[in-house]
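User: I am new to this structure and would like to learn how to read it. Please take me through its features one by one.

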Amino acid sequence: MKKENTYRLIKGSRQRDFIGSMSSLWLADDHLLLVRNSGWKESYRKFYFADIQGLIIAKTKQRRNQTILLLFFTLFFLGMAALAGKIGGMILGSITVLILLVLSINWFKGETCRTQIVTAVQSISLPCNRFPVAKRLKETLTTSITKVQGSFDAEHSEKLITTLQKISEEKKATASSSRKGDSQEQQFTLFFDKRAHILTYILFLILAGISAVSLGGREQLLYTTESILFGLTLITIIVALYRQSRSKITGILSSLTWISSIILVIGIVLNFGLIAVAMQQTNDIPAMLNNEYKLWMMLGQVQPEDSLYLRVLLISRASCFTLLGILGLLFTRKANNTKADA
């Protein structure tokens, strides 16, 4: 009678991405099981201890980049809370505390890394993006594989990963005329999901269009739509930065996304300059500053013909956001879109 496998979850290996897909690692008596769950679809991949040739663990700078980004947004929302009234200050202060909580959890989870398992025919990315988890997996696999193979050495080298990736790219170049070998030739390039980048740069173009239209005259509805789109673009660009850090996309697109995030935040901050313009157009400054609704209404009523600051701001935004949107869509389209486990 065939013995059924008993699976044990590798602690910390359960990983969920932004779209809800989940990956996890399970240890059996004779193999490691990789489970990927995306909606209604679930896939399995087994790595038998007798076939595993190496485990590659390389530390990354993802935690550092995430910390810098979260600190930046913490300071941003903290400054907004200081400028807002009582109700707005409480809401923005709560957002700041939430970001600090996320930052603390992210930091104490440990250094980030990339983990690859190598057999004779494939190299597959594993859901071990934190070094403590990867170290735990290494210790567990080393013990299990040694019992089968007699000896096993897990690698820990960024240089080795780079070398293997160059070999993979060379194979891809030599076989560009054939699609049949893509699943093996591209196995070491991490998957780059373009959707967040595409949506971000489309929103930049929409914001550019709104800024151009606003030069002819602003309305409260137009200002409200613009504010909502600014917030939505801020969310999508955070997702884009997260996804490109996981896929290790480098070059112009990576730099452009970081530059776009900085310019977007600068654009949001410069919008607060309209408060000074609105203060010049009202006699009840204390009421405006203490009532978020009145402040919101006053900011939406500032017209380009009445403010040189607003005209310069709208022209700068329209031109800058148009350039970023076009370049972003162009370079996103050219970016590689390959899967490590294709």
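**Reading the helices and sheets**

Analyst: Start with a helix pair. Helix 6 (residues 195-214) packs with helix 12 (residues 308-334) at an angle of about 155°, and their axes are 8 Å apart. Axes are lines fitted to C-alpha atoms, for helices over the stretch in contact, and angles run from 0 to 180 degrees between N-to-C directions. Helices (H or I, at least four residues) and strands (E, at least two) are DSSP runs, numbered from the N terminus.

User: What sort of model is this, and how are residues numbered?

Analyst: It is a predicted model: local features need pLDDT of at least 70, side-chain atom pairs count only at pLDDT 80 or more, and totals for chains, interfaces and linings use all residues. Residues are numbered from 1 along each chain as its sequence is written, and side-chain values use heavy atoms, with hydrogens and water left out.

User: How are helix 6 and helix 12 oriented to each other?

Analyst: Use the angle classes. Under 35 degrees is roughly parallel, over 145 roughly antiparallel, 65 to 115 roughly perpendicular, and the rest oblique. Helix 6 and helix 12 are therefore roughly antiparallel. The crossing of helix 6 and helix 12 is left-handed. A crossing is left-handed if the near helix is turned anticlockwise from the far one by less than a right angle, and right-handed if clockwise.

User: Which residues make the contact of helix 6 with helix 12?

Analyst: Contact means heavy atoms within 4.5 Å. From helix 6, the contact residues include H197, Y201, F204 and L205. From helix 12, they include R317, F321, L324 and G328. By class, the contact has 14 nonpolar, seven polar and one charged residues. Ala, Val, Leu, Ile, Met, Phe, Trp, Tyr, Cys and Pro count as nonpolar; Asp, Glu, Lys and Arg as charged; the others, Gly among them, as polar.

User: At what angle does helix 8 pack with helix 12?

Analyst: Helix 8 (residues 252-271) and helix 12 pack at about 160°, with axes 11 Å apart. Helix 8 and helix 12 are therefore roughly antiparallel. Their crossing is left-handed. Among the contact residues are L256, I263 and L264 of helix 8, and R317, F321 and L324 of helix 12. This contact has 13 nonpolar, four polar and one charged residues.

User: Is Q303 buried or exposed?

Analyst: Buried means under 20% relative accessible area, exposed over 50%, and partly exposed in between (1.4 Å probe, protein chains only). Q303 has 15% relative accessibility, so Q303 counts as buried. Q303 lies in the loop between helix 11 (292-301) and helix 12. Leaving out residues up to four places away in sequence, Q303 touches G217, R218 and L310.

User: Now the strands. How do strand 3 and strand 4 pair?

Analyst: Two strands pair if DSSP finds at least two bridges between them. Strand 3 (residues 22-27) and strand 4 (residues 31-38) are antiparallel, over six bridges. L25 has L34 of strand 4 as its bridge partner. A hairpin of three residues joins strand 3 to strand 4.

User: What is the strand order in the open sheet of three strands?

Analyst: The order is 6-7-8, with antiparallel pairing. Strand 6 and strand 8 (123-125) are the edge strands, each pairing on one side only. Neighbouring strands are turned by 25° against each other on average, direction ignored. Strand 7 (residues 113-118) pairs with strand 8 over three bridges. V118 has S123 of strand 8 as its bridge partner. Helix 3 (residues 131-149) packs on this sheet, touching strand 6 and strand 7, and its direction makes about 160° with that of strand 6.

User: Where is I56, and how far in space is it from V118?

Analyst: I56 is in strand 6 (residues 54-59). With a relative accessible area of 2%, I56 is buried. I56 and V118 are 62 residues apart in sequence, yet 7.6 Å apart in space, C-alpha to C-alpha.

User: How many helices and strands does the protein have?

Analyst: It has twelve helices and eight strands. Of the 342 residues, 43% are buried. Among contacts between residues at least 6 apart in sequence, 67% join residues at least 24 apart.
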